[in-house]
Amino acid sequence: MSQNLPAKLNVPVSPSVKPVWSWERTLAWLNGLLLLVGAAVVLSPLAIVFWTSLTPTPALSNVGENFASRWSWDSYREAWQRGNFLLAFANSTLVAIAVTGLQTLTSALAGYALARFQFWGRQAILLLVLATLVIPFQLLVIPVFLILKWGHLINTYGALILPTAANGFGIFLLRQYFQTIPVELEEAAALDGATRWQILWRVMLPLARPALVTLFLFTFIGEWNDLFKPLVFTTRPELQTVQLSLASFQEQFTNNWPLMMAAVVIATVPVVLLFLVGQRQFIQGIATTGIKN
């Protein structure tokens, strides 16, 4: 029984197309190269700090010695014990969380009022808020110190928290982000019987989560790295923060580089971990702030 085989189709084979090098691809490679160079420049000091913290003191004088066979974590244990970083971490965490919470609350209230309420002098108040951004805190230290002294807050946690409980940057950031949220969402909530407070807490703030995370990161990192307030407003050892303990540690162990670098790494790790956790919301908050729908 014969079978009807289909005729072989002669399909012309197209010649291989060589990729064309374009300016866009060249710019992409250049951008990638610049990013690698920038990352190397930024990360090289951190790598040196980490390398030094793991190197025993005698090994620093012998450059040709194998680092892998000489590294040690003893500097971290010694720095943690001598620097009393447990108490310093507790104080810095308490102050940073308290200041961050107060700044978030005050910035949300003031930012929402400046973004949605129509009242006389709103633009003037906004300009005054922006003007506070160009005034360094160091110029206000004398009146702030006198106010804290009048309120018997020197050498207390209040002296570390209250001076920065409100911030013009946070007010401006949330005001700009609230303006990107459609007004129709608030009108729909108002038709359902929601009050202004309910609209703010149940509608606006959940939608403004990227801006809130951005403000949280900025404030927390700023308070964690703050040395000025603890240095001026406190003298009690039990109120020392991480940065103040790090400064005291540096004065005591000036010539012990591994110990100093270990203390720097200990003070830096919490901030780096916090930023890695919230970096996505942080980037979204910065990218979308000020863009109206």
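Colleague: Which residues in helix 4 meet helix 8, and which residues in helix 8 do they meet?

Modeller: In helix 4 they are Thr104, Thr106, Ser107, Ala108, Ala110, Gly111, Tyr112, Leu114, Ala115 and Arg116, and in helix 8 they are Gly170, Ile171, Leu174, Arg175, Phe178 and Gln179. Contact here means heavy atoms within 4.5 Å. By class, this contact of helix 4 with helix 8 has eight nonpolar, six polar and two charged residues. Nonpolar covers Ala, Val, Leu, Ile, Met, Phe, Trp, Tyr, Cys and Pro, charged covers Asp, Glu, Lys and Arg, and the others, Gly among them, are polar. This is a predicted model, where local features need pLDDT of at least 70 and side-chain atom pairs count only at pLDDT 80 or more, while totals for chains, interfaces and linings use all residues. Residues are numbered from 1 along each chain as its sequence is written, and side-chain values use heavy atoms, with hydrogens and water left out.

Colleague: How many helices and strands are there in the protein chain?

Modeller: The protein chain has 14 helices and zero strands. Both are DSSP runs numbered from the N terminus, helices being H or I with at least four residues and strands E with at least two. Of the 293 residues in the protein chain, 34% are buried. Among contacts between residues at least 6 apart in sequence, 75% join residues at least 24 apart.

Colleague: What makes helix 4 oblique to helix 8?

Modeller: Helix 4 (residues 85-116) and helix 8 (residues 168-179) pack at an angle of about 50 degrees, with their axes 7 Å apart. The axes are lines fitted to C-alpha atoms, for helices over the stretch in contact, and the angles run from 0 to 180 degrees between N-to-C directions. Angles under 35 degrees count as roughly parallel, over 145 as roughly antiparallel, 65 to 115 as roughly perpendicular and the rest as oblique. That makes helix 4 oblique to helix 8.

Colleague: What makes helix 4 oblique to helix 5?

Modeller: The axes of helix 4 and helix 5 (residues 122-131) cross at roughly 140 degrees and come within 10 Å. That makes helix 4 oblique to helix 5. The crossing of helix 4 with helix 5 is left-handed. Ala113, Leu114 and Ala115 in helix 4 meet Arg122, Ile125 and Leu126 in helix 5. These residues divide into five nonpolar, no polar and one charged.

Colleague: Why is helix 10 called roughly perpendicular to helix 11?

Modeller: Helix 10 (residues 196-207) and helix 11 (residues 209-224) have axes that come within 5 Å and cross at roughly 70 degrees. That makes helix 10 roughly perpendicular to helix 11. Leu205, Pro206 and Leu207 in helix 10 meet Arg209, Pro210 and Leu212 in helix 11. That contact divides into five nonpolar, no polar and one charged residue.

Colleague: Why does lysine 229 count as buried?

Modeller: Buried means under 20% relative accessible area, exposed over 50%, and partly exposed in between (1.4 Å probe, protein chains only). Lysine 229 has 2% relative accessibility, so it counts as buried. Lysine 229 lies in helix 12 (residues 228-233). Its side chain reaches the backbone oxygen of leucine 160 at 2.7 Å. Leaving aside neighbours within four places in sequence, the contacts of lysine 229 are Val99, Phe137, Ala159, Leu160, Pro163, Thr164, Glu223 and Thr234.

Colleague: Is phenylalanine 85 buried or exposed, and how do you know?

Modeller: Phenylalanine 85 has a relative accessible area of 0%, so it is buried. This residue is in helix 4. The C-alpha atoms of phenylalanine 85 and serine 245 are separated by 7.2 Å, although the two are 160 residues apart along the chain. Leaving aside neighbours within four places in sequence, phenylalanine 85 is in contact with residues including Trp80, Val242, Ser245 and Ile266.

Colleague: What is the phi of histidine 152, and what is the phi of asparagine 155?

Modeller: Most residues other than glycine have a negative phi. Histidine 152 has a positive phi of about 55 degrees, and asparagine 155 has a positive phi near 65 degrees. Histidine 152 is in the loop between helix 6 (141-150) and helix 7 (157-161), and asparagine 155 also lies in the loop between helix 6 and helix 7.

Colleague: Which is histidine 152, buried or exposed, and which is asparagine 155?

Modeller: Histidine 152 has a relative accessible area of 69%, so it is exposed. Asparagine 155 has 18%, so it is buried.

Note on methods: A polar contact is a pair of N or O atoms within 3.5 Å; within protein, one must be able to donate a hydrogen and the other to accept it, and residues adjacent in sequence count only if both atoms are side-chain atoms. A crossing is left-handed if the near helix is turned anticlockwise from the far one by less than a right angle, and right-handed if clockwise.
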